[in-house]
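I opened this model to go through its sheet, some helices and a few loop residues. My notes follow in the order I looked things up.

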Amino acid sequence: MNMMMSSRIHICFLAVFMCASLTIIIPTASLGHSHICLSNDHVALFIFGDSLFDAGNNNYFNTTIRANFYPYGETFFNYPTGRFSDGRIIPDFIAEFAKLPLIPAYLHLGYKRYVDGANFASAGAGALVGTRQGWVIDLHTQLSNFKTMKTLLKKEIGEAEAKTLVSRAVYMTSIGGNDYAAPYTANSSLFQSYSPEEYVDMVIGNLTTVIEGIHKEGGRKFAFLYLGPLGCRPAARAINAGECEEEITALVKLHNKALSHVLQKLESQLKGFKYSITDIYSIGSEITNNPLKYGFKEGEAACCGSGPYRGISTCGSVNGSVQGYELCENPSDYVTFDTSHPTERTNLLYAKAMWNGNQSVTWPYNIKALVEQS
């Protein structure tokens, strides 16, 4: 009996070890629930949002909003994965801290190991359905994809186990930046139709609906980012004579305040709802204004792009040619990789703040505390 039990445990461990090792970069097909052995403290990671969190979903449908070409991915993966960075993005580091394999894009062909989580984020997406409509997977559609995934998960590991996994999981969301930046960069008249407060209320209202939708499906532990200093990114400086764009900055501050307020409200309204919120606005502003203090050499200009501050979006070429854009020698010296997205090194700073940051940057819980809660 002891020999049989020992053998069974060994086989089970081997299957999980093989899967974890294979899915670090290349996701494997499902092993089938009879071979998946999850510990009582196993916590999956479900990821929603925009390009800060997208692991490559935009590679799998017809859109021009992609990062599937050089030099994206050059630092860590040595090839482009669809992540808008020179290397890993925030969810990659969170997965690593949580002792999970990297969570691939949900649309990645062949990926079915949902017991570790899934990444539904789409570069360019907003909370509003109309933000870059037709070119992205908006937040509501991401919720629909999660529901589809949950149905498959039930078939995979059984209804009771799926219910437990979904309730223990952490739901990470980064959204809103495109709702404010896209109309501005497109010279849209949208902001003339609404007051700043009305527009922010629409964005937060759509996000709230999705949070409530995830909660209805069984989600209980949520992690959010404040919007970063979008008005001071290289793309904004390039068209604003090197200065930060105050109109976007004002919207970002309104959004962050409203997000904090609505999460406090949801905590009192939704059963078992717990959340973490990380102030990357303050962190991003600090490292941009004082790069040397944090080991960076450049805080305002991007590593990759063209024009003033390399803020014109020309980074990358399918043919591998650098003609038409400039590329820095070492992305780790830069806070920002392209016109709008952090370098891997900056993403690591943000991820550390989300994972185990103190109450001055992450509250009322950090993600580590959420993961450790039963």
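I take two strands as paired if DSSP finds at least two bridges between them. Helices (H or I, at least four residues) and strands (E, at least two) are DSSP runs, numbered from the N terminus. The model is predicted: local features need pLDDT of at least 70, side-chain atom pairs count only at pLDDT 80 or more, and totals for chains, interfaces and linings use all residues. Residues are numbered from 1 along each chain as its sequence is written, and side-chain values use heavy atoms, with hydrogens and water left out.

**Entry 1, the sheet.** I traced six strands in an open sheet of mixed pairing, ordered β2-β1-β3-β4-β5-β10. β2 and β10 (362-364) are the edge strands; each has a single partner, so one side of each lacks a neighbour in the sheet. The twist averages 20° from one strand to the next; axes here are lines fitted to C-alpha atoms (for helices over the stretch in contact), and angles run from 0 to 180 degrees between N-to-C directions.

**Entry 2, strand pairs.** β1 (residues 45-49) runs parallel to β3 and is joined to it by five bridges, with Phe48 opposite Thr173. Four bridges join β3 to β4 (residues 221-225), also parallel, and Met172 has Ala223 as its bridge partner in β4. β4 in turn pairs with β5 (residues 274-278) in the parallel sense over five bridges, where Phe222 stands opposite Tyr275.

I call a residue buried under 20% relative accessible area, exposed over 50% and partly exposed in between (1.4 Å probe, protein chains only). In a regular strand the side chains alternate between the two faces of the sheet. Which residues of β3 are buried on each side? I found Val170, Met172 and Ser174 on one side, and Tyr171 and Thr173 on the other.

α3 (residues 139-157) and α7 (residues 196-216) pack at about 5° with their axes 10 Å apart. That makes the two helices roughly parallel (angles under 35 degrees; over 145 is roughly antiparallel, 65 to 115 roughly perpendicular, the rest oblique). Contact means heavy atoms within 4.5 Å. On the α3 side I listed Leu139, His140 and Leu143; they meet α7 residues including Asn206, Leu207 and Val210. α3 also lies across β1 and β3, at about 155° to β1.

I then checked α10 (residues 280-289), where seven of the 10 residues are buried, among them Tyr281 and Ile287. At its start, a side-chain oxygen of Asp279 comes within 3.2 Å of the backbone nitrogen of Tyr281.

Ser122 sits in the loop between β2 (117-119) and α3. Ser122 counts as buried because its relative accessibility is 0%. Beyond its neighbours within four places in sequence, Ser122 contacts residues including Gly49, Asp50, Phe61 and Gln142.

Arg83 is in the loop between β1 and α2 (90-97). How accessible is arginine 83, buried or exposed? With a relative accessible area of 7%, Arg83 is buried. I logged two polar contacts (N or O pairs within 3.5 Å; within protein, one atom must be able to donate a hydrogen and the other to accept it, and residues adjacent in sequence count only if both atoms are side-chain atoms). The Arg83 side chain makes one with the side chain of Thr81 at 3.0 Å and another with that of Asp92 at 2.8 Å.
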